[in-house]
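Thanks, everyone. Please bring up the model, and we'll start with a pocket.

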Amino acid sequence: MKVTGDQALVKKINKSIVLHTIRKHSPLSRARVSEMTGLNKATVSNLVAELCQEELVTEAGPGESSGGRKPLILNFNTMAGTVIGMELRVKQLTAILCDLGGNRLAERDVSLKHHDLPYVLEEMNRMIASLIADAPATPYGIVGIGVGVPGMVDENGMVLFAPNLGWEMVDLRGLLESTFSVPVTIDNEANAGAQGELNYGAARDIRHLLYISAGSGIGSGIIIGGELYKGARGYAGETGHMTIEAEGKPCSCGSRGCWELYASERTYDHPETVLPASTTPELVQYAAQGDEEALLHFAHMGEYLGIGVTNLINSFNPEVIVIGGALSEAEEWLGEPLRRVVAERTLPYHKQQLEITFSRLGSRGTMIGAVFSAVMHFLGHTRVTL
């Protein structure tokens, strides 16, 4: 197959390469950008001039010289615009306002009483409007909204099936875009969390990553060869509905014995469970005070987390596993039983040089990843795929 492109396309690709090189590695000189991209200095200078005019890149300096005139230093203008990242959880709605570098400017959260779409949408609209009102003045203003949801999402931002919310075929992107008139990106919350860790968190530059979002349910963001793997139709990563008990408890997805019934916050609501609290932040406080019920419950959850993680390690052979989501706040009590089960059950070659870590972004991982998706949508990432 012949692949061709006119000069306009080549320029667009080169401009994208220069912008994202500066975004990821600034401060840089023009000469260093030329070295890193392989583009000649004249091309880099022309493209940088356009980016400076568009206020996406700023000049500072001069920098250190290796001989001759000191170079001007280039920086990515993180305050060219602002973005909102949001996570829709089963019991909570959280949102964050960030600059284009993912730096937090403001944050909101609210408990959800139920999952009826009109009610949830009203809460989302109220929270987004509040953050927009708090946004500082920037050249481009609010440039996008990213949302992570606990369910299957197609490429058009349609929530196909979210069993823990009771939602099917909800055009969430369309609903939000019609209200706020800015681009909206919708993705599964674990995919968003994986992007957050890959670009801002514990897994920068990792090629083979499994991000386990453990909170109101469980999902996995799968990074293979440095790229997010979504499967044939975009629905990969629903690992919370992997069966780990053949005759286990019935699940809202229609199956039974699903992993998230034994290793997520859904365990707090089991009728036979006796706990001093029903949320992770509260249980973390009780565990820190030595409460036996909280400690025992986290120990059991850690073991079940380890069982599911073992299955994923044996299946995908990752370099790094990151445990994120709300339960990452309970690392102190989940980490030991999880790692012990993995050490006991994982195939020997699969666990060589394997790192299991908890998210540096904590419970904000999905929101930060949703921010990244919105930023990339705004900046554009022109690529040619053969």
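How many nonpolar, polar and charged residues are in the lining of the second largest pocket? The lining has 6 nonpolar, 9 polar and 10 charged residues. Nonpolar here covers Ala, Val, Leu, Ile, Met, Phe, Trp, Tyr, Cys and Pro; charged is Asp, Glu, Lys and Arg; the others, Gly among them, are polar.

Ground rules. This is a predicted model: local features need pLDDT of at least 70, side-chain atom pairs count only at pLDDT 80 or more, and totals for chains, interfaces and linings use all residues. Numbering runs from 1 along each chain as its sequence is written, and side-chain values use heavy atoms, without hydrogens and water.

The second largest pocket holds about 600 Å³ of space. Of its 25 lining residues, Arg 89, Gln 92, Glu 265, Pro 281 and Ala 326 are the closest to its centre. A pocket is an open set of points on a 1 Å grid over the protein atoms alone, where a 1.4 Å probe fits, with protein on both sides within 12 Å along at least five of seven lines; lining residues have an atom within 4 Å of a point. Volume is the space filled by probe spheres set on the points, which are joined across faces, edges and corners.

β6 gives the most to this lining, 4 residues. Strands are DSSP runs (E, at least two residues), numbered from the N terminus.

Now β5, residues 92–99. Seven bridges join β4 to β5, antiparallel; pairing takes at least two DSSP bridges. Thr 82 stands opposite Asp 99. On β6, Arg 108 is the bridge partner of Ala 95. The β5–β6 hairpin has 4 residues between its strands, and Gly 102 in the turn has a positive phi of about 80°.
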